[in-house]
Amino acid sequence: MTSVKGEKQRYLLWDIFKGFGIVFIVFGHTGKVGGAIVYLFHLALFFFVTGYFFNEEKYGRDPFRYFGKRIKGTWGRYMLYCIFFAITHNFCVVHGLMTPGSVIYDGPEFLRSIMGSMVLERPELYSGPMWFVPLWLLGSVLFAGVIYLSNKISGAFAGSSAEDGKNPNKDAEKSNVTSAADYKSEHRDVKKLVNLASIREKTVSQEYQTSENISIVIMSLLCLFIGIYAVDKGINILYHMELAFVIEPFFAFGYFMKKYLPNWQDKLGWPIMIPAVVLIYFIFNKFIDAGIWFDLASQDIFGCWYYVGGVLGILFTIMLSKLVERVEVNDKLPEDSKLRACPLFTLGPNPVAALLAAAGRYSFDIMALHIFVFKMLDMLLRKFYYRDPGMDLSQYPSPLSQQWWVLYLVVPVLVPMLVGIMIDRIKSRIRGK
């Protein structure tokens with residue numbers, strides 16, 4: 001698996017994977033025919049990859065520490081964009097870019113918007129896609145709680161301590177070894193006793209691992225049933241908490257894949273992956289033909305079909321990402337080529353991989369800003385292409401994105417990505433790096 005070294009090691013494949021994920025989200029919002037297919041799985045990709053990179057050693061016994069880490073890494077950028085939307089609110093109302101009924105903000109309304117954003121509400125129209133953020137945070141801490149409880153349960157069943165993360169029988173085995181040293185004077189076989197202690201420790205460890213895995217599976221299934229029941233009964237809780245139970249199995253899927261099949265995609269060749277990708281795409285079309293489609297925010301998930309679509313979409317995107325990663329172009333450039341200095345030819349095996357990886361690294365910025373970029377494109381097209389000052393642009397997310405879907409896919413990915421890069425550089429300057 002190709003890795004990219006920076007402040008911390010990043011894996012190119014998974015940046016490409018997230019890049020595909022955010023591109024699918026933007027494409028779905030264009031309203032272009034075919035966008036319904038990406039709705040079958042696009043959000044599941046981010047739940048999966050979060051579970052994949054969950055650090056059990058660091059957070060497995062402290063889910064609230066994990067929650068704090070997620071809040072710390074998200075809240076600042078969330079607030080930055082919400083403040084930006086509040087500042088530009090009146091401009092968008094004046095230019096007819098808001099939905100009918102939108103009002104001009106005065107001081108109290110502006111303050112209300114900012115304060116609502118501080119607790120992860122979405123008072124601004126263009127922050128709509130960020131409904132995903134509190135759900136993702138809740139799903140993350142719920143999954144961390146599942147890992148925590150599984151450690152407790154497995155510790156009890158396997159006779160190991162879930163408090164300090166070690167097998168209490170180790171002390172007993174050490175005492176055996178100590179006793180073995182005493183037995184030496186009586187000509188006992190110390191090596192045999194040490195081996196027995198090692199075998200015992202390994203057996204207890206295997207029992208612990210098996211118990212932990214079973215606990216995670218059972219609790220994930222319990223979350224699945226609770227989530228589906230809540231959705232079926234129309235239960236709607238603050239921040240879509242009921243959906244956190246629905247999405248928890250995707251975190252577990254990522255966790256188990258990292259644990260047991262981290263590099264399965266490396267073992268597949270082109271003759272297997274390309275037909276598999278085509279087959280899954282064909283299955284997705286059958287989903288749509290059968291009237292099966294998903295809108296998680298509206299609780300339209302069609303029961304367990306949501307998980308079928310999600311798992312297929314995850315496998316589809318992993319293989320698609322691997323296919324892109326395997327195309328080697330940049331290494332074939334002449335040594336004296338000026339293109340070698342371009343980031344597109346240095347940050348990945350090919351320009352497409354480099355762009356997708358960058359989109360993956362700045363997926364939050366793209367998610368937050370792409371609707372705003374939609375509306376700016378609306379305004380520019382109205383002024384310079386249609387030359388119709390009276391054109392109604394109030395439709396959300398855009399009245400023009402279906403017709404101009406390529407433009408509305410490319411620009412709303414690239415512009416927020418550049419904004420994210422600029423923010424990171426400013427932060428680095430401030431920190432003196």
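This is a predicted model: local features need pLDDT of at least 70, side-chain atom pairs count only at pLDDT 80 or more; totals for chains, interfaces and linings use all residues.

**Helix pairs and the core**

Modeller: Let's start with a crossing: α1 passes α15 in a right-handed crossing, meaning the near helix is turned clockwise from the far one by less than a right angle. Helices here are DSSP runs of H or I with at least four residues, strands are E runs of at least two, and both are numbered from the N terminus.

Biologist: Which residues make the contact between α1 and α15?

Modeller: I22, I25, V26, H29 and T30 of α1 meet S363, I366, M367, H370, I371 and F374 of α15. Contact means heavy atoms within 4.5 Å.

Biologist: And at what angle do α1 and α15 pack?

Modeller: About 20°, with their axes 10 Å apart. Axes are lines fitted to C-alpha atoms, for helices over the stretch in contact, and angles run from 0 to 180 degrees between N-to-C directions. α1 and α15 are therefore roughly parallel, a label for angles under 35 degrees.

Biologist: Which residues touch the most other members of the largest nonpolar core?

Modeller: F47, F48, M130, L296 and Y306, out of 113 residues in that core. A nonpolar core is a set of buried Ala, Val, Leu, Ile, Met, Phe, Trp, Tyr and Cys residues joined through side-chain atoms within 4.5 Å. α15 gives the most to this core, with 13 residues.

Biologist: What does L296 touch?

Modeller: Not counting residues up to four places away in sequence, L296 touches L43, F47, W131, L135, L243, V246, I247, I301 and Y306.

Biologist: New topic: is C82 buried or exposed?

Modeller: C82 counts as buried because its relative accessibility is 1%. C82 sits in helix α5, residues 63–87. Leaving aside neighbours within four places in sequence, C82 contacts S117, E124, S127 and M130.

Biologist: How far apart are C82 and S127?

Modeller: They're 45 residues apart in sequence and 6.7 Å apart in space, C-alpha to C-alpha.

Definitions and conventions:
Residues are numbered from 1 along each chain as its sequence is written. Side-chain values use heavy atoms; hydrogens and water are left out. Angles under 35 degrees count as roughly parallel, over 145 as roughly antiparallel, 65 to 115 as roughly perpendicular and the rest as oblique. Buried means under 20% relative accessible area, exposed over 50%, partly exposed in between (1.4 Å probe, protein chains only).
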